[in-house]
Amino acid sequence: MARRKRGLPVHGWVIVDKPSGISSAQAVATVRRVFDAAKAGHAGTLDPLATGVLPVALGEATKTVPYVMDATKDYDFTIQWGEARSTDDREGAVTATSEVRPDPDAIRAATRGFVGVIEQVPPIYSAVKVDGERAYDLARSGEEVDLEPRRIEILAFDLAEVVDADRARFRVSSGKGAYMRALARDLALSLGTVGHIVALRRLRVGPFAEAAAISLDSLAELMHNPAASEHLRPVATALDGIPALALNGPEAKTLRNGQGVPVFRAMDRERFGHLREGDVVYALEGETPVAIARIEGGAIRPVRVLNL
């Protein structure tokens, strides 16, 4: 007897407001149980300490995760001055102290130096791989971790509030791969002191914003309830930044079969004349996404076929 496939073929995105104190993987597991979904994943890990927007992909939406991961993100976080921590947040051990407390003008001036493309060394307690192992695993086992700087982009870095002499709150918009804990650490050092994050909230990931998120507790109350589907967003929501391309039935079938559809023939110029070699598009048949595709060798060629 054939083994029954676990879960249902549920496809789409759920925008969760993750609470503090649980991992992103635990949040994904809850969403998966609510929908009894066969497949689930997330677009961008949030530390257990952090709260906020965690986009969870179900079914075929997991194929669009990289396009969300590459998107810009917005954060709100609070730094406590005067203590460096091993994890660069409040959960780590104190590794250094300082009596220096920066004033608001100095803070504003320093943040400007971090806007643009910069080099950043990730926190040693991070998921970055070192010789095939996660940095946080090495750090927890007591090994010395030496991470290489990475090029990231900070689009905006603003002082939102001076809470008191010891704490300040910030708003940041960043590109892919930026660690807020490292940004807080480096800002403190640039101000002649040390510091760590005591509160961190993600406000937006690409097209998914805080206003559209549902708390994990509220979603959990809808376990196996049809009303949960009201919080399921279309797979294509993740592809808002990619041009859509309408195909007819035979063309869509060709693409679904993994074959290319010519675009540069004379008969195709009116529909496809705007396309250029190397362009990435997502192909549609009516309202149904067919595939994420790239223009290569004069044809639309599927990168990921969406079985919807």
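**View 1. Helix α5 (residues 180-190) in this predicted model is largely enclosed by the rest of the structure, because 8 of its 11 residues are buried.** Buried means under 20% relative accessible area with a 1.4 Å probe, counting protein chains only. Helices (H or I, at least four residues) and strands (E, at least two) are DSSP runs, numbered from the N terminus. The buried residues of α5 are Met180, Arg181, Ala182, Leu183, Ala184, Arg185, Leu187 and Ala188.

**View 2. Several elements cover the buried residues of α5.** Among them are α3 (104-112) and the strands β4 (73-81), β7 (116-120), β10 (150-164), β11 (167-174) and β12 (195-205). Contact here means heavy atoms within 4.5 Å. Just after α5, glycine 192 has a positive phi of about 80°.

**View 3. An open sheet is built from 5 strands with mixed pairing.** Their order is β15-β17-β18-β19-β16. At the edges lie β15 (244-246) and β16 (261-262), each of which pairs on one side only. Two strands pair if DSSP finds at least two bridges between them.

**View 4. Strand β15 pairs with β17 (residues 280-285) in the parallel sense.** The pair has 3 bridges. Alanine 246 stands opposite leucine 284 in β17.

**Notes.** This is a predicted model, in which local features need pLDDT of at least 70 and side-chain atom pairs count only at pLDDT 80 or more, while totals for chains, interfaces and linings use all residues. Residues are numbered from 1 along each chain as its sequence is written, and side-chain values use heavy atoms, with hydrogens and water left out.

Conventions. Buried < 20%, exposed > 50% of the residue type's maximum accessible area, 1.4 Å probe, protein only.
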